[in-house]
Amino acid sequence: MRTVFSEDHRLQDGKHELLEGQFMKAHESPSRAEIVIERVRSTKLGEVLSPSDFGLDPILKVHDKGLVDFLAVAWDEWAATGRTFDALPHVWPVPGLSRGALGRRISDCIDGKLGHYAIDAGTPIMSGTWAAVKASANVALTAQKLVATGERSAFALCRPPGHHAGSDFYGGYCFLNNAGIAAQAFRDQGAKRVAILDVDYHHGNGTQQMFYERDDVLTISLHADPRQEFPYFLGYADEMGVGAGEGYHMNLPLPWGTDWRAYAEALEIALKRIRQYGAEALVVSLGLDTFEHDPISRFKLVHDDYQRLGDRIAWADLPTLFVMEGGYAVEALGVNTVNVLMGFEQRT
């Protein structure tokens, strides 16, 4: 399996995030990608490629131009105020705060813009953010092209991750939805039906929002119950799509303490739905924060479970693109990631 990786991920290096009421060192750090690529190379998983530049057109197929334009200039506007530390929002337009015939208004001030587009205060913007974000999207698109042109699978080692980013918002360490961008690329290149399987510990709220009214991209997310975990406001089992998308989204929320046995049962439900759907390509949002020692998560998967996970995903028997998402037990992240990919390869 070939891996696509960009050194530009290092340009996103947040110093702090606000988590559960405390400012702390950012969990989403460059060391995450570095330890994964080191493991990819040491295990000789396959060739490592640099991404091509696809421009903004594939991004704008699924993301609002206002969000993309904002991300491109946010740091410059922040720095123009004289602030040299990372940019984080501090006020949000909750229902009742925004009025006007045209709906929610966008402030001229960078602080207002941050609150308009961000869903949390855990996703810092800095001088290198936009370059890292574009590179991450190009990583996904380059790996997608490998699969679309005949390779059985590919691994997009994306950083920053993407599944919390929606069509017109960012957050949860995510700025652009790499899996969603890749899924749309499969559609634009002729695949009639594409499935996205999100196995991150946290619900893929951005992916759900992005495709919720569509039937050409099936979205399924296995995650911690939003009654207990971020993003709290989406990810419930009764959210199944609307309009043309009704029945084409599935949430499988699981309680704290979930181990492989319970996880595997939910996974089988997801894979059976993917087979039933008749997808022509599969995009896996590969989060490894389901690990028992992840510092911000509460599932109980162990190292060997990730090889089982890869094996079961291979059972879907589809051209498959793996897109890196979360996972914050950094020392274990390379082993767990490659275990999934090797489990997939051994079955195929």
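This passage goes through the overall build of a predicted protein model and then its sheet.

Laid along its principal axes, the C-alpha trace spans about 55 × 45 × 40 Å. Of the 348 residues, 59% are buried. As for the surface, the chain exposes about 14300 Å², and 51% of that area is supplied by carbon and sulfur atoms. Sequence separation tells another part of the story: if one takes contacts between residues at least 6 apart in sequence, 78% of them link residues at least 24 apart.

Now for the sheet. It is an open one built from 8 strands, with parallel pairing and the order β4-β1-β5-β10-β9-β6-β7-β8. At its edges sit β4 (48-49) and β8 (249-254), each of which pairs on one side only. On the β8 side, the partner is β7 (residues 217-224), and the two strands run parallel, joined by 6 bridges. Within this pairing, H223 stands opposite P253 of β8.

Helix α8 (residues 260-277) packs on the sheet as well. Its contacts take in β6 (194-198), β7, β8 and β9 (281-286). The direction of helix α8 makes about 175° with that of β7.

Key:
Residues numbered from 1 in each chain as written. Predicted model: local features only at pLDDT ≥ 70, side-chain atom pairs only at ≥ 80, totals over all residues. Heavy atoms only, no water. Pairing = 2+ DSSP bridges. Helix = DSSP H or I, 4+ residues; strand = E, 2+ residues; numbered from the N terminus. Contact = heavy atoms within 4.5 Å. Axes fitted to C-alpha atoms, helices over the stretch in contact; angles between N-to-C directions. Buried < 20%, exposed > 50% of the residue type's maximum accessible area, 1.4 Å probe, protein only. Areas by Shrake-Rupley, 256 points an atom, 1.4 Å probe, with all protein chains shown as cover.
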